[in-house]
Amino acid sequence: MDKDCIILHIPHSSLTIPEEALHQYDTSFFQEEFLLMTDRYTDELFGLPYSSIVFPYSRLFCDVERFRDDSQEEMSQKGMGVVYTKTHNNIEYRKVSAEEKEKILSSYYDAHHQKFEKLVDEKLKECGEALIIDCHSFNPYPLPHEIDQTPRPDICIGTDDFHTDKKLALHLKSYFEAKRYKVKLNSPFQGTIVPLKHYGKIKKASSVMIELNRKLYMNELGEKTENFQKLKDDISEIIETIKNKRYLEVREDPPQRFNKNWQKILKNLS
Ligand SMILES: [Zn+2]
């Protein structure tokens, strides 16, 4: 696969609320909500030389990863559908009129998805395929609104039965594990994004989600830790192997234990 087939989708890294929307909020909740809800620095961590779609506004303003229609979006029942009105712990801190909501959907949500859809179409045309990498991070411990409350790994790989190549998902899992990260598939978060136009229809529009545990790169104040660069380098190396489609290669290396025993035998012989 040519490197140009990769599309990085980064929806939750921004800390920006458009000025005209600030009046909708009780801003005293901002500090905590920004800290807990933002996939902070994911634009930097995944900021690699590939085509990317970064939503430039905070998910507290508009969450482009949610369904547009609240009736399809289970998180909307918790006040955290496409336009959030509640905090992570169920406190209403934002009021949005129907007119304002419609404007957010048409001017921001739709614009983002049109751009995304167009880029996927371009890649399909240029390369015959597109590989979307949906880039996120998560809180080290489950938040009250989150569905999966089980202990969290370092890395979560999200897959879709139709759009994710199983070999690719397993490659990511074993490559991160070889670097000593704890990895889970589809826990605490499931799935991966594909534009609705292609979803369930075009297999060549493939997609996989990579979610990073924030404890790997930032502290509880939202500051980068010293491990930041190492994590960024590991991500870069792993995405490079995806670009080169190394996950399609059959592994012929003998397992490590065999190597060690073999070395011992050679030593004894010599
Ligand atoms: Zn996210």
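In this predicted model, helix α4 (residues 166-178) packs with helix α5 (residues 228-243) at an angle of about 150°, and their axes are 11 Å apart. Because angles over 145 degrees count as roughly antiparallel, α4 and α5 are roughly antiparallel to each other, and their crossing is right-handed. On the α4 side the contact involves Leu168, Leu172, Tyr175 and Phe176, which meet Ile238, Thr241 and Ile242 in α5. The residues of this contact divide into six nonpolar, one polar and no charged.

The sheet is open and consists of six strands with mixed pairing, in the order β2-β1-β3-β6-β4-β5. The edges are formed by β2 (51-54) and β5 (183-185), and since each has a single partner strand, one side of each is left without a neighbour in the sheet. On average, and with direction ignored, neighbouring strands of this sheet are turned by 20° against each other.

At one of these places, strand β1 (residues 6-10) runs parallel to β2 and is joined to β2 by four bridges; His9 has Ile53 in β2 as its bridge partner. Helix α3 (residues 98-127) packs on the sheet, where α3 touches β1, β2, β3 (130-138) and β6 (205-213), and the direction of α3 makes about 140° with that of β3.

| Pair | Angle |
|---|---|
| α4 and α5 | about 150° |
| α3 and β3 | about 140° |

Terms used. Residues numbered from 1 in each chain as written. Predicted model: local features only at pLDDT ≥ 70, side-chain atom pairs only at ≥ 80, totals over all residues. Pairing = 2+ DSSP bridges. Helix = DSSP H or I, 4+ residues; strand = E, 2+ residues; numbered from the N terminus. Axes fitted to C-alpha atoms, helices over the stretch in contact; angles between N-to-C directions. Contact = placed C-beta atoms within 7 Å. Parallel < 35°, antiparallel > 145°, perpendicular 65-115°, else oblique. Left-handed = near helix turned anticlockwise from the far one by under 90°. Nonpolar A, V, L, I, M, F, W, Y, C, P; charged D, E, K, R; others polar.
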